[in-house]
Amino acid sequence: MSKAKAIENKEIVQAIVIADSYNDNFQPFTSTKPLALLPVANVPLIEYTLETLNRNGVEEVIVFCSSHIDQVKRHIADRQAARCTWSTGMRVSIISSEACRSIGEAIRDLDARNTIRGSVLLLGVESVTNADLAALLEEHKRLAKVDRGAVMTVVYKEGLRRMRTGNEVLVAHDPTTRRLLYHQRLAQHERERSFELPLDLFLANRDVAVCHGLLDPQIAVCSQAALPLFADNFDFLTRDDFVRGVLINEEILNSRIYVAKLAREEYAMRVNNWQSYHLVSLDVINRWVYPLVPDTAISEFRQQYKHYRNNVYRHRNVRLSRSCELDGDLVVGEECEIREGTYLRQSVVGRGCRIGRNCRIVNSFLLEGATVGDGTVLSHCVLERAVTVGSRCTIEPGTVLGEGVEIPDGLTVGGLLLQASEPAADEWGTTPVEKIADRAYTIPVLDEEDSDSDEEEGGSGQPALNQPHAIAPLPERYPASVYEPSDEECDSGPASPVPEDANIFLSEVVESLKRGLAEKSNAEYLILEINSSRYAYNMALCEVNYYVVKAILQIMLQQDGVATNTVGTLRRLLAYFGVVFRNYIRDRDAMMDCLKALEEMCPASETVRAKLPQLVHYLYEADLIGEQVIIEWYDGLVDAGLKAALSKLVQWLQESSEEEEEDDDDDEEEEED
């Protein structure tokens with residue numbers, strides 16, 4: 001075969017991205033903007049999708065749009081003109097049809113155009129993942145060679161504990177071949193007490209594995225034969241319809257579906273409503289989606305954000321008052337201004353936002369150009385582009401303020417969807433629309449009872465794939481390190497696990513860190529390894545903090561010349577382990593765990609004991625440990641020798657703190673004058 005012929009026969013790696021969710025779950029945002037441009041941590045959803053596909057070697061991406069088509073085309077064209085990362089090695093084309101109202105219709109349209117030439121990745125623009133999609137594609141191709149009837153491999157991920165997002169499914173599959181045997185989407189509000197599975201499922205199959213509560217991120221690998229199946233069956237409106245139809249008519253269609261479960265360290269989640277938007281945003285901030293994190297410049301060649309302790313990401317160009325408090329898990333965008341006395345936690349502030357004095361903002365998401373007046377409280381809410389909230393307002397959980405909404409001073413808004421202009425008379429039918437202010441009108445929300453009745457009328461026995469779900473306070477979903485320590489973990493110092501498990505966990509952490517140091521691999525991957533070990537041995541957060549620091553100290557003591565240059569050795573190690581250290585030693589309690597690890601190493605190591613003041617001073621100077629934590633730890637020491645050795649350092653810290661307070665007082669007096 002000639003070289004030219006071989007190139008011609010080479011199968012191009014393709015992906016289909018469905019750019020619409022075909023529902024109203026993101027009202028009022030999607031009334032004026034496409035879902036593809038919904039920003040997660042200040043980056044549009046489509047950038048996450050295209051960057052992931054580019055990293056997995058996809059050569060051609062077909063983006064299918066049905067609404068706000070011009071905005072999507074303009075965004076793609078602008079990004080290609082700017083030569084972003086995914087534009088250099090991947091061809092992105094947009095196919096549009098305003099007549100399409102479902103995924104099934106979109107795929108039928110693509111099939112009629114004959115654009116797909118082999119196995120293809122199929123995902124929605126709202127599917128956020130760092131999974132190895134190239135490996136999934138190759139595995140499906142291998143399956144297709146063994147079973148010519150393999151039309152699809154669906155991807156699942158272990159679900160969240162005690163929480164439903166609308167993405168959960170119950171599946172049964174053959175554990176040997178991974179062939180899907182049964183599929184049922186779970187109710188979003190966790191009402192079911194039991195499940196009914198057909199008896200034939202167990203009679204016809206020797207081995208059946210039933211998996212409950214798996215997350216369905218709406219990612220699949222399709223054979224070329226899958227598209228004609230959509231074309232031949234016009235009742236296939238969603239991917240669930242396709243899966244259910246193939247399972248029911250498996251013998252008639254001679255088609256089979258297989259299951260792929262992602263590894264623990266791989267992330268995949270579907271942003272299908274405001275609550276899952278909240279979850280994914282915090283997961284990105286907490287680096288579960290690495291390398292898709294703010295400081296790696298997603299789809300950019302130039303880094304935009306700097307990563308600070310407690311997962312605070314700040315753009316290079318921001319204006320922050322010295323007295324504002326950035327507590328943790330934050331993204332602060334370009335040209336933002338945050339005034340005196342304002343407190344922020346677990347939130348995203350978009351480009352050009354202005355936040356006044358003495359505000360409190362928790363678990364809230366401010367899109368570009370939002371303005372918040374003095375003394376306002378925001379909790380679990382979304383402020384879209386160019387929203388203005390007056391002074392002394394309270395925006396309660398579940399509220400979404402649409403583009404251009406203006407809330408006057410002193411108003412409390414509780415759990416409403418608001419848009420800036422009065423809707424047309426027939427836009428919401430007979431549902432009443434309430435005027436909150438001159439530029440704030442309510443958008444009716446389908447309540448729980450109406451949703452249930454609609455499901456029953458559908459007659460499918462399946463809950464809707466897309467259901468409205470308001471942003472609200474989160475229950476515990478992962479072990480507590482993802483958001484904040486649970487009550488049991490707040491006390492600093494190591495708890496008391498089974499000693500053998502603790503020792504094994506420590507040894508695994510040491511081995512992971514030593515291997516990473518020797519290979520100079522990306523330190524971010526060490527965090528995933530440590531988290532996996534943590535879950536395996538059920539370690540509390542304070543224990544992980546303690547043993548990570550202890551592991552770094554043990555490695556330090558094994559380095560050449562550590563006795564004569566202890567601080568220099570630790571500095572050199574933290575040049576590599578700094579990402580790991582900062583990931584775990586983030587708040588006051590974690591800093592106390594770090595200092596207690598140093599304290600516990602003193603009896604076993606004369607080097608650590610002799611150099612303890614210098615080591616603590618270095619950690620303070622490197623902004624890894626706060627002075628108040630050091631003083632509090634020092635006051636609680638019972639070892640008189642250690643207290644005597646640390647006394648000069650603590651005295652210096654106290655004097656420095658007093659001098660800073662005096663300088664602040666002088667500055668305030670000058671400002672008053």
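**Close-up 1. Pairing of strands E15 and E16 in the predicted model.** In this predicted model, strand E15, which covers residues 305-308, runs antiparallel to strand E16, residues 312-315, and the two are joined by four bridges. Within this pairing, His-307 is placed opposite Tyr-313 of E16. The hairpin that E15 and E16 form has three residues between its strands, and Asn-310 adopts a positive phi near 65° in that hairpin.

**Close-up 2. Pairing of strands E16 and E18.** Strand E16 also pairs with strand E18 (residues 325-332), here in a parallel arrangement that is held by three bridges.

**Close-up 3. The largest nonpolar core.** The largest nonpolar core of the model comprises 71 residues, and the residues with the most contacts inside it are Tyr-48, Leu-53, Val-61, Trp-274 and Tyr-277. Helix H11, spanning residues 274-285, makes the greatest contribution to this core, supplying seven residues. Because residues of this core are given both by domain 1 (14-189 + 199-274) and by domain 2 (304-421), the core lies between the two domains.

**Close-up 4. Surroundings of Val-61, and a separate core.** Leaving aside residues up to four places away in sequence, Val-61 touches Ala-15, Val-17, Leu-50, Leu-53, Met-90, Arg-91, Val-92 and Ser-93. Apart from the core to which Val-61 belongs, there is another core of 62 residues, whose members include Tyr-576, Met-592, Cys-602 and Leu-624.

Conventions:
Residues are numbered from 1 along each chain as its sequence is written. This is a predicted model: local features need pLDDT of at least 70, side-chain atom pairs count only at pLDDT 80 or more; totals for chains, interfaces and linings use all residues. Side-chain values use heavy atoms; hydrogens and water are left out. A nonpolar core is a set of buried Ala, Val, Leu, Ile, Met, Phe, Trp, Tyr and Cys residues joined through side-chain atoms within 4.5 Å. Buried means under 20% relative accessible area, exposed over 50%, partly exposed in between (1.4 Å probe, protein chains only). Domain bounds come from an automatic or database domain assignment. Contact means heavy atoms within 4.5 Å. Two strands pair if DSSP finds at least two bridges between them.
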